[in-house]
Amino acid sequence: MNKGIFVLGASGFIGRELLRNAQAARLDVTALVRSPENARLLERTGVRVLVGNVDQPAGWAEAASRCGTWIDLIQPPIPRRLGARALRRIVRERLRVTAAIAGALSAIPPERRPLLLSISGMSDLAPDEQGRLSHRSPLRARPMGFAHIGLRVRALLARTAIDVAFVHLGTVYGPGKSFTSEIFPKLARGRLPTVGRGANRLALIHVRDAARALLHLATLERARVAGRQWIVADGAGTSQRDFLATAARLLGGPVPKSAPTWLVGLIAGRAMADELSKDAPADPAALLETGFAFQHPTPASGLQETMEALARPVAAVSPPAGSVGSTVTP
Ligand SMILES: NC(=O)c1ccc[n+]([C@@H]2O[C@H](COP(=O)([O-])OP(=O)(O)OC[C@H]3O[C@@H](n4cnc5c(N)ncnc54)[C@H](OP(=O)(O)O)[C@@H]3O)[C@@H](O)[C@H]2O)c1
């Protein structure tokens, strides 16, 4: 089976970090993006970049079929207020995209069909027999928060004949996305409260560890990975309050106040309030048993590095020496 990796949603927060790490590890990666601008940016990482529409696999399926593992990181933009209507729209969009990917995989003969890493969050899972969210966890019987998305995607994939591994990421923090644009600036000004008392444990993962873990799973022997669910979260059990207070301290801001969960629900939407206030004690034991090691086993070091990265002047992705990146437009 081909060792190549095909990445969908490569221009996003995790995707870009994944490409940087893939390039550093000299992995054979092909990325699909939908805009030539993103293609030009990403090709500097040295990976092969295809420009195309996920709904039109004719433009990319041939090249993708030569990769042994596909990683689906596609996610429609999450609005600031995630109300019920916005959530329904995101579910519809994720299902449409997942169906397109599943269709492209199903068209490849089974003996050379790639493995799909389907990426979701922790909300899909209910506690296991030890009260932790782990590879043994059953799926939630009643969806809450982002599980409305993940459970529907998973049900769709379960109805296909393709090989899938379900990867559940904790909240991915690092220099980028809403952490840079909203969370850190508000924490620095004392404008971001904890949701409720903040004693709940968050499932957290630094963006580099998220990217490294996905590449690690993509390069393991397929039989070890397929058909299982994987937890990609540091397992430190950091409380929401400690996480936000540590970030605020590093930013020179005050200790965050707290706001009632119902109020955050009104402002940010119920799904977001649920997501932030629920207890999520993650257990990444299965991932660690495969030999993976976190570079940031707790947010203390991960946040420190994040702040250092944000303090550096913004640098474009610089081309590695001897880069062979190429853009292919169908
Ligand atoms: N970030 C987290 O904290 C977190 C936590 C748990 C799970 N996850 C999961 O991890 C995955 C990646 O998350 P992320 O934070 O990297 O997301 P992100 O930064 O929002 O990136 C989303 C990616 O999807 C692409 N995309 C969106 N709609 C598309 C469409 N219709 N067709 C093709 N591409 C489309 C975007 O492309 P453009 O650049 O062209 O818009 C972008 O590359 C998602 O499945 C998410 O659910 C993330």
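Helices (H or I, at least four residues) and strands (E, at least two) are DSSP runs, numbered from the N terminus. The structure is a predicted model, in which local features need pLDDT of at least 70 and side-chain atom pairs count only at pLDDT 80 or more, while totals for chains, interfaces and linings use all residues. Residues are numbered from 1 along each chain as its sequence is written, and side-chain values use heavy atoms, with hydrogens and water left out.

Arginine 228 is located in the loop that joins helix H8 (222-225) to strand S10 (229-232). Its relative accessibility is 33%, and arginine 228 therefore counts as partly exposed (buried is under 20% relative accessible area, exposed over 50%, partly exposed in between, with a 1.4 Å probe and protein chains only). Apart from neighbours within four places in sequence, arginine 228 is in contact (heavy atoms within 4.5 Å) with His135, Val164, Ala165, Phe166 and Ala286. The C-alpha atoms of arginine 228 and phenylalanine 166 are 6.3 Å apart, although 62 residues separate the two in sequence.

Asparagine 21 is part of helix H1 (residues 13-24). With a relative accessible area of 15%, asparagine 21 is buried. Again leaving aside neighbours within four places in sequence, the contacts of asparagine 21 are Arg208, Ala211, Arg212 and Leu215.

Helix H9 (residues 240-251) and helix H6 (residues 177-188) have axes that come within 8 Å and cross at roughly 80°. Axes are lines fitted to C-alpha atoms, for helices over the stretch in contact, and angles run from 0 to 180 degrees between N-to-C directions. H6 is therefore roughly perpendicular to H9 (65 to 115 degrees; under 35 is roughly parallel, over 145 roughly antiparallel and the rest oblique). H6 contributes Phe179, Phe184, Leu187 and Ala188 to the contact, and H9 contributes Phe243, Leu244, Ala247, Ala248 and Leu251. These residues comprise nine nonpolar, no polar and no charged (Ala, Val, Leu, Ile, Met, Phe, Trp, Tyr, Cys and Pro count as nonpolar, Asp, Glu, Lys and Arg as charged, and the others, Gly among them, as polar).

The twelve residues of H9 reach 17 Å from first C-alpha to last, close to the 16 Å expected at 1.5 Å a residue (1.5 Å times one less than the number of residues). Gln240, Phe243, Leu244, Ala247 and Ala248 of H9 are buried. They cover an arc of only 125° around the axis and so lie on the same side of H9; the arc is that of the directions from the helix axis to the C-beta atoms. The elements against which the buried residues of H9 pack include H6, helix H11 (270-277) and helix H13 (299-311). Glycine 252, with a positive phi near 80°, follows H9.
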